[in-house]
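Welcome! Let us take a walk through this protein together, one stop at a time.

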Amino acid sequence: MSRSNPIRAAVAASVLLATGTLAGCAGGGGGAAGFDGVQSATIQIESEGTFANPDDGQTAEEAGLGSGFFISADGLALTNNHVVAGAGTTKVYVGGGDEEFSAEILGSSECLDLAVIKVDGTGFPFLGWQKGEITTGEEVYAAGFPLGDPDFTLTKGIVSKNDTAGQSAWASIDHIIEHDAKIRPGNSGGPLVNATGQVVGVNYASVAELDSNFAIHRDEAQKVVKKLIAGEDVLSLGVNAQALPVDDEGTALGVWVSSVKAGSPADAAGVLPGDILMRMSGTTLAAEGSLEEYCDVIKTQGVDGTIDVDVYRPSEDALYRGQFNGKELAAVTVPGIGAQSGGGTDDRDYVTITDDSGVLSVEVPADWTDVDGAAFEGIGGHQFIDVRASTNLQQFSESWGTSGVTVSAAEMADDLTPQAVFDSYAGLTGQCTATDADVYSDGVYEGQYQYFSQCGGQSDFVIVVAYPEDQSFVLVVTVAIASDADLPAIERVMGSFAATF
């Protein structure tokens, strides 16, 4: 990395020594820095690791640059999660100087976009927190190293909103500060300070065209900083996450994984840089291009909870399913695709539908608008919850000429075996040619499937009978495909059906 030249660094150091801001550092004692010492307590962070770029999907070893600031003399520093998450090595430069310090990531949170690192060394000047209320109109300054420049930058503004919620592509924060002290890429993680050099927030985002700049509120940061220092990850699964923008039709694309923290729940599940998290616990992610749904699931299930996750891996054009804190990701078995059906290009839009109770969900083509979520009494008198969809449900139920899907579930019982379920469809499958039967597994549910073709002389039909690991309920999924254009719907259904009992 190109650093400032020795002459410039010497001049900067002499100025800082003249103001007394580096005196404590030189003597090994450290101390709280006032406004004149903000530079000496602000750091530039270089994180190197394997990152995947959402713009082109390419994964490569590269370095990212951001800012941070010391919160104690012994090298504890606060920054943004997106600056350091997934880094293999972290280097720090203090106050615009040339000396390189190594650093260790202690704890992080992708939802709050905060992380604490421990810089190797002692006697560092540090910043304290503002006491009292943060008010609208208050004078503030954004400190850091924007655009990868090793020169320290300070911009001035006022607080526009002193406490508001902040949903962004890489965070979901209940309390943020909006201000007009300009921040740019590279300012991420740097301090927002008042006129006496006390921290009011941690800069993390901006909208250049609106001249809006955002900092994580002091109170939000202070609530979790002790946990992060102690090495505890907060509202985190170990993903350097970025919600993808919804497409032109308003369809959510998911959460892009730029990098993965080693040893985290995401790492243990087998999530890789470049993956797209599509659903968690049956919830579609990035519905409005933010991390809100992702973080809401974590808040509800807990970072140690078993969380079902559906993943699309663009590098393989494959769907995966598994669990955080549970089963490792496994490729979704898609009965018939590639073997009997031949797959196919699919550029249509999909929507998520649910049964009347909200327990079952599945993605179906957007033109399958005839939907029924009513429960019914099925095999052996068992009560099944159910959702089904087609372009015309009556035609779907009465003939083989219309494509459609059903997803049903019931509490587990001894007579709800795969064979018993298959036998219950014998009246239909007797009109078909059996083409494939095998074990079904998708990383969350396991069971069996049967695939049929030439049903009524024209349609393909698949039946999946699957169970969760605890065998507490049975899921039955059927898909009828009456035209080649609908064949890819099998893949989408098998990669999205879920039950959240």
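Our first stop is a pair of neighbouring strands. Seven bridges hold β30 to strand β31 (residues 473-481), and the two run antiparallel. Follow the chain from β30 into β31 and you pass through a hairpin with five residues between the strands, where Q471 takes a positive phi near 55 degrees. Please keep in mind as you look that this is a predicted model.

Now turn to the other partner of β30. Eight bridges join β29 to β30, and these strands are antiparallel. Here the bridge partner of C455 is S459 in β30. The hairpin of β29 and β30 has three residues between the strands, and within this hairpin G456 has a positive phi near 60 degrees.

How many of the nine residues of β30 are buried? Strand β30 (residues 459-467) is mostly covered, with nine of its nine residues buried. You can check this on both faces: S459, F461, I463, V465 and Y467 are buried on one side, while D460, V462, V464 and A466 are buried on the other.

A search of the whole structure turns up two of them. In one, C432 and C455 are joined, with their sulfur atoms 2.1 Å apart. The torsion about this S-S bond is 115 degrees, and the link of C432 and C455 is right-handed. The pair connects distant parts of the chain: C432 sits in the loop between α10 (426-429) and β28 (433-441), and C455 belongs to strand β29 (residues 446-455), 23 residues apart. Are these two cysteines buried or exposed? Buried means under 20% relative accessible area. C432 has a relative accessible area of 15%, so C432 counts as buried, and C455, at 0%, is buried too.

The other disulfide joins C111 to C295, with an S to S distance of 2.2 Å. Its torsion about the S-S bond is about -105 degrees, so the disulfide of C111 and C295 is left-handed. C111 lies in the loop between β6 (100-109) and β7 (114-119), and C295 lies in helix α7 (residues 292-301), so this pair ties together parts that are 184 residues apart in sequence. Both C111 and C295 are buried. If you number the bonded cysteines of the protein chain in sequence order, the pairing reads 1-2, 3-4.

There is also an annotated stretch to find. An unreviewed UniProt entry carries the annotation "domain: PDZ" for residues 222-299. In the model, the span of residues 222-299 is 27% helix and 23% strand, and its end C-alpha atoms lie 18 Å apart.

Finally, step back and look at the whole chain. The protein chain contains eleven helices and 32 strands, and its C-alpha trace spans about 90 × 40 × 40 Å along the principal axes. Of the 501 residues in the protein chain, 53% are buried. Among contacts in the protein chain with a separation of 6 or more, 61% come from residues 24 or more positions apart. The accessible surface of the protein chain comes to about 20,000 Å², and 48% of that belongs to carbon and sulfur atoms.

Conventions: Residues numbered from 1 in each chain as written. Predicted model: local features only at pLDDT ≥ 70, side-chain atom pairs only at ≥ 80, totals over all residues. Heavy atoms only, no water. Disulfide = S-S within 2.5 Å. Helix = DSSP H or I, 4+ residues; strand = E, 2+ residues; numbered from the N terminus. Buried < 20%, exposed > 50% of the residue type's maximum accessible area, 1.4 Å probe, protein only. Pairing = 2+ DSSP bridges. UniProt positions renumbered as here; feature names shortened; annotations may be inferred. Contact = heavy atoms within 4.5 Å. Areas by Shrake-Rupley, 256 points an atom, 1.4 Å probe, with all protein chains shown as cover.
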